[in-house]
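Me: I would like to learn how to read a structure like this one. Can we go through it feature by feature?

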Amino acid sequence: MTPMETAPFPILSTILLSTIVGLLVILFIPEDRPKLVKQVSLLFAGVGLVLCLWLYYAYDVQKGGFQFVERFLWVKSLGIYYFNAVDGINLPMLLLTAVVLFTGVWTMWELEVRVKEFFAFMYLLVAGVYGVFMSMDLFWIFVWYDVSLFPMYPLIAIWGGTRKEYGGMKLTLYLLAGSALILPGILYLWVQGGAQTFDLLELQRIGFPLGVQKSAFVMLYLGFGILAAAWPFHTWSPVGHVAAPTAVSMIHAGVLMKLGAYGILRLGMTLCPEGLAYWADFMAVLATVGIVYGAFVGLAQTDLKYVIGYSSVSHMGMVGLGLSTMTVNGINGAVFQMFAHGIMTALFFSAVGYIYDKTHTKMIPELGGLSKTMPMASAFFIVAALAGVGVPCMASFWAELLVFVSAVKTYPVRGILAVLALVVGALFMLRVVQKTFYGEKNERWAHIPDVPPFLMTPRIILIGFILFFGLFPKMLLDVIQSAVVPFVAGL
Amino acid sequence: MMMKWVLFIPELYYVVMAAVFFGWSIHRKGEPRRLFGWALVLSAVGVVVTLGSVQLEGMLFFDAYRVDFFSQVFKFLLALGTFWVIFTCSELNGIEERQHAEFYFFLSVCTLAMMMLVSSVELLTIYVSIELSSYSLYLLVPMRRQVDEYVETGIKYFMVGVTASAFMLFGISLLFGVTHTTYVGKILQVLPGLIREPAAVVGLVLALSGFFFKQALFPFHIWAPDVYQGAANQVTTYIATASKMAAAAMVIRFVGFSGGESPGFVYLLIGLSVVSMTFGNLVAIIQKDIKRLLAYSSIAHAGYMLIGILSMTQRGYASAIYYAVAYLVMTFACFMVILKVADDGHNLQIKELAGLHRRSPLLAMTLMMGLFGLAGIPPTVGFTGKFLVFAAALEKGYLWLVIVGMINATISLYYYLIVIKAAYLLEPLKPYPGVRVDPWTRALSIVLVILMVYLGIFPDQFVALTEAAARSLL
């Protein structure tokens, strides 16, 4: 392992603090100044984005390994460390979080109900997400993980749409049931490691016996798998997506689901590589079923948000499939897909969010011909759909390519099934686009204004990221690879 | 000789405090505001006194009474709990005005008894202390306006309590028969050799049942929901916080003394813990009255706490102490909100919390943090407590117990979320009167929220403190 240097300036903690300070500032703004709340929220999200971009730029790919390390003892008697660091795997995730938060806050500019509380809960959620991605200590990963989950309940139940109370409750209970497996898993590994340390890297060096790895991996895989919407634990996901307000859907599908996949990779796979080898086959089966199932169930949906929800199940299946191959390409593809899918779904939900805000419906049969009345809103959705289908020049193309190449090699039958499902998925996405945006113009929506330029900006930023990493995949791949290659070599 | 009495200062102080209110109750002249002022000041001084005597150590009364760091920490916490309860008595509307002096009198006596309880290391002293605290509570519970409606509660509490005492006495006599001593320290030396004898295990379990009764652990919980509902809100708060602390302390000390790990005894405790958690959480789901809901949740929490205790390691006891403190803070936060929302002293229904986020954003937030803490969600102290308890249990290899505990925590989240939903989401069906929050309550709310988050995120020194307390135990 490469030696770690402590960062001269705690930039990771600063990113984390940008959300916590943002939260406190929002709490102290009077209730009757919603405009100010939004401005402050956008400002702090912007600070986070700038810092993450700088971090991405400053990360030394040649050197690889963990950089910007901050580490000191937190709770002595248990061996808990405050330990933040970035490597090629969590760096893209941090950037993703910052982008989705920034654009998400901007998208919610027209929110009028209980503005202050909305942004406060959202900042709490994002603090948790940042924390999970940057922590290298099992205790903190778990703490941040739960912090990122429970604000979902008020966010969905108060500001949500369709069946919001049911969706919010279902989502919260499902995800926290997942953490009911993660915590015993973490504590189990801690005890097996001598009850000395929660430091992820120190625990990695221990090399647990096979029996321990097998049971610990299952607990971590199932626990995090629920959040990654691994089939058959995905049912909370479409329901939750549909119920949530726009920015929450964006953060939820764009970032939160990645926490699950990230947890499987960071905790399950690096701590229990032999456990992974034992369960990989099983993981690949679940992932493939998820891909195929998501694509086919998506075919039958008439609600735009359900369509995206099921396509997310399918796309997150690809992440799982990539991880289960245990090859450089597969894991590269999985991490790339986490990033690409995050940006893409954020765009999807922000496009649907605008349409829903204006027309108050997201049922495909009721819409139709929208490209004539709101060309920009339609364009955003169509770009996202193309990205989801995996058209070249879009970021997801490279991700899916990498996953499929390695999947077909490792698990031929499942790999081919997944590719076929992708074709079906493409078909259904194009059908949705055709029905919603082309064809008969629906006079009911003729008077509706298109996206104003101010609200176009966040969506354009998202498209910018999709295209940038689609055209220059090396910019992302090199970073990811710097962490994945040593990991796979150590398997 | 003088030096010895210094050890007894906290208890003596509460004797004086009780005497003051006893005098008042005879004169029947105390008007509520003045009584409240006196009680507040006296209990605040009590907190200072117990804090000042936290470092004392020694033995009293022919070694029947042990003053150590463990007992002094709990005395401080009891004093703090009592102070908080009295703090919320500014509108003591649940109790007739002419009975206010008695109310404070019995509160002081009960606190005194519990302080004696956490220091007692001799079976008969323990029994006397526990009865003194119980009888104060038997009188406090029926002391409520519209007593006719709630008279059943008082009788039920008394009957169940007396039965538990009888069991306890029987257990004590068995222990005495097996070990020929009533000193817990001597029992400790003899018991590990006898722990496989049925009489010893039965004696230990029956003796413990007295504490389990106070802690409302299944199957000794029968009284809890009715008493929580039937007693005046302030009395319920006292039972739910201070009384629970004392019981937890005693269970920790007693199991700690039992030393030897008979598998049968451990399995019995595991069984009690699992049943208590599951039963409490499942029944809490259907409750409409928030005090009843918290009663069932307290049954579940007694189960969580027992997980740490039954690990029988120093870390286990330390985690249980941590959990007890966390529980005190979180439960008090919830009850304070209930007291303020129902300031006329009626029993609060969950649906009456509707729209609380607008009636009082601060109280709504305090309630939310308290409930999330009880559900074990970070970054609150409740999460860290669960974490420590489960870590101690896993160190002993009780993986399944921890998984059951976590599943239970998820179940409990459901009913806590229902309450949070009422406070944050539901619109009131009829306009409820506004919630008056005086500056002091406001300050206490903020202190509680900060305390819950601070102890949750920066547990290092606090964990070290509980470990020191657990060390002094053995």
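Reply: We take a hairpin, a loop residue and a chain interface in turn. This is a predicted model: local features need pLDDT of at least 70, side-chain atom pairs count only at pLDDT 80 or more, and totals for chains, interfaces and linings use all residues. Residues are numbered from 1 along each chain as its sequence is written, and chains are lettered from A and ligands numbered from 1 in the order in which they are written.

Me: How many bridges join strand β1 to strand β2 of chain A?

Reply: Two strands pair if DSSP finds at least two bridges between them. Helices (H or I, at least four residues) and strands (E, at least two) are DSSP runs, numbered from the N terminus. Here six bridges join β1(A), residues 67-75, to β2(A), residues 80-86, and the strands run antiparallel. Arg71(A) stands opposite Phe83(A). Four residues lie between the strands, and Gly79(A) takes a positive phi near 80°.

Me: Is Met143(B) buried or exposed?

Reply: A residue is buried if 20 or more other C-beta atoms lie within 10 Å of its own, exposed if 12 or fewer, and partly exposed in between; C-beta atoms are placed from the backbone. Met143(B) is buried, because 20 other C-beta atoms lie within 10 Å. Met143(B) sits in the loop between α6(B) and α7(B).

Me: How many residues of chain B are in contact with chain A?

Reply: Contact means C-beta atoms, placed from the backbone, within 7 Å. By that rule, 26 residues of chain B are in contact with 25 of chain A. On the chain B side, α18(B) gives the most, with 12 residues.

Conventions. Two residues are in contact if their C-beta atoms, placed from the backbone, lie within 7 Å.
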